[in-house]
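Subject: Structure for you, with notes

Hello,

Here is the structure I promised to pass on. My notes follow below it.

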Amino acid sequence: MIRARFFVNKKECKGDYRPLRWPIQYPYWSTGENDSYFVLVAYVDSIEELNNLWPEASNIEYEEVDEIIFSDRFPRPDWYKTKKNMKQKKITIIISYDYEEKNTICNDKIAQRIYSDLKKGSNPRHERIENIIVEDN
């Protein structure tokens with residue numbers, strides 16, 4: 001995860017600095033503005049994700065972080081939920097292979113594909129995928 005500080009051009013975003021997609025996974029804040037730009041701070045998984053949420057972003061500065069830190073200046077948004085206050089449910093997915101035809105694939109690739117597919121359809125406001133464990137029988 002990264003914590004990024006960036007500008008959003010007021011003309012390009014037509015005065016609306018909110019992300020293009022909602023809901024989003026991590027919080028963001030407007031920390032200031034001038035005649036031309038809004039100044040935002042946001043937690044995102046990658047620069048690519050930031051550019052998808054705010055295509056008008058420029059002057060991006062970022063740092064890798066392990067956790068989201070809230071403060072008086074960066075308070076926890078009402079909509080933001082962490083895994084600590086979410087109920088957890090374990091789901092088991094069973095995948096069958098045809099080993100005789102040599103149609104095999106690396107387990108890590110399967111886990112990553114499942115994780116990626118599940119994240120595409122997940123709504124971080126309601127659920128968060130914690131991890132995927134692959135077990136061979």
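What share of the residues of the protein chain count as buried? Of its 137 residues, 30% do. Buried means under 20% relative accessible area, exposed means over 50%, and partly exposed lies in between (1.4 Å probe, protein chains only).

Two points on the source. This is a predicted model, so local features need pLDDT of at least 70 and side-chain atom pairs count only at pLDDT 80 or more, while totals for chains, interfaces and linings use all residues. Residues are numbered from 1 along each chain as its sequence is written, and side-chain values use heavy atoms, with hydrogens and water left out.

Overall layout

The protein chain has two helices and four strands. Their order from the N terminus is β-β-β-α-β-α. These elements are DSSP runs numbered from the N terminus: helices are H or I with at least four residues, strands are E with at least two. Contact here means heavy atoms within 4.5 Å. Take the contacts between residues at least 6 apart in sequence: 67% of them join residues at least 24 apart. The chain exposes about 10,500 Å², and carbon and sulfur atoms supply 45% of that. Accessible areas come from the Shrake-Rupley method with a 1.4 Å probe; for residues, only the protein chains shown count as cover.

The core

A nonpolar core is a set of buried Ala, Val, Leu, Ile, Met, Phe, Trp, Tyr and Cys residues joined through side-chain atoms within 4.5 Å. The largest one holds 24 residues. Phe-6, Val-8, Tyr-43, Val-44, Leu-50 and Trp-54 touch the most other members. Elements giving two or more residues are β1 (2-9), β2 (28-33), β3 (37-44) and α1 (47-53). β3 gives the most, with six. Look at Val-8. Beyond its neighbours within four places in sequence, Val-8 is in contact with Cys-13, Ser-36, Tyr-37, Phe-38, Leu-40, Trp-54 and Glu-56.

Salt bridges

Side chains of opposite charge can pair when their charged atoms come close. A salt bridge needs a side-chain nitrogen of Lys or Arg within 4 Å of a carboxyl oxygen of Asp or Glu. There are two in the structure.

Lys-10 and Glu-33 form one of them, at 2.5 Å from N to O. Lys-10 sits in the loop between β1 and β2 and Glu-33 in strand β2, so the pair ties together parts 23 residues apart in sequence. Lys-10 is buried at 19% relative accessible area, whereas Glu-33 is exposed at 53%.

Asp-16 pairs with Arg-18, with the closest N and O atoms 2.7 Å apart. Asp-16 is partly exposed at 30%. Arg-18 is exposed at 53%.

The N terminus

Met-1 is in the segment before β1. With 23% relative accessibility, Met-1 counts as partly exposed. Met-1 and Val-65 are 64 residues apart in sequence, yet 5.7 Å apart in space, C-alpha to C-alpha. Leaving out neighbours within four places in sequence, the contacts of Met-1 include Tyr-26, Tyr-43, Val-44, Glu-63 and Ile-68.

A surface patch

Ile-91, Ile-93 and Leu-118 make a nonpolar patch on the surface, with about 310 Å² of accessible area together. Patch residues have over 30% relative accessible area and no salt bridge; nonpolar side chains (Val, Leu, Ile, Met, Phe, Trp, Tyr) are joined within 5 Å, like charges within 9 Å. Ile-91 lies in the loop between β4 (57-64) and α2 (107-121). Ile-91 is exposed, at 66% relative accessible area.

Best wishes
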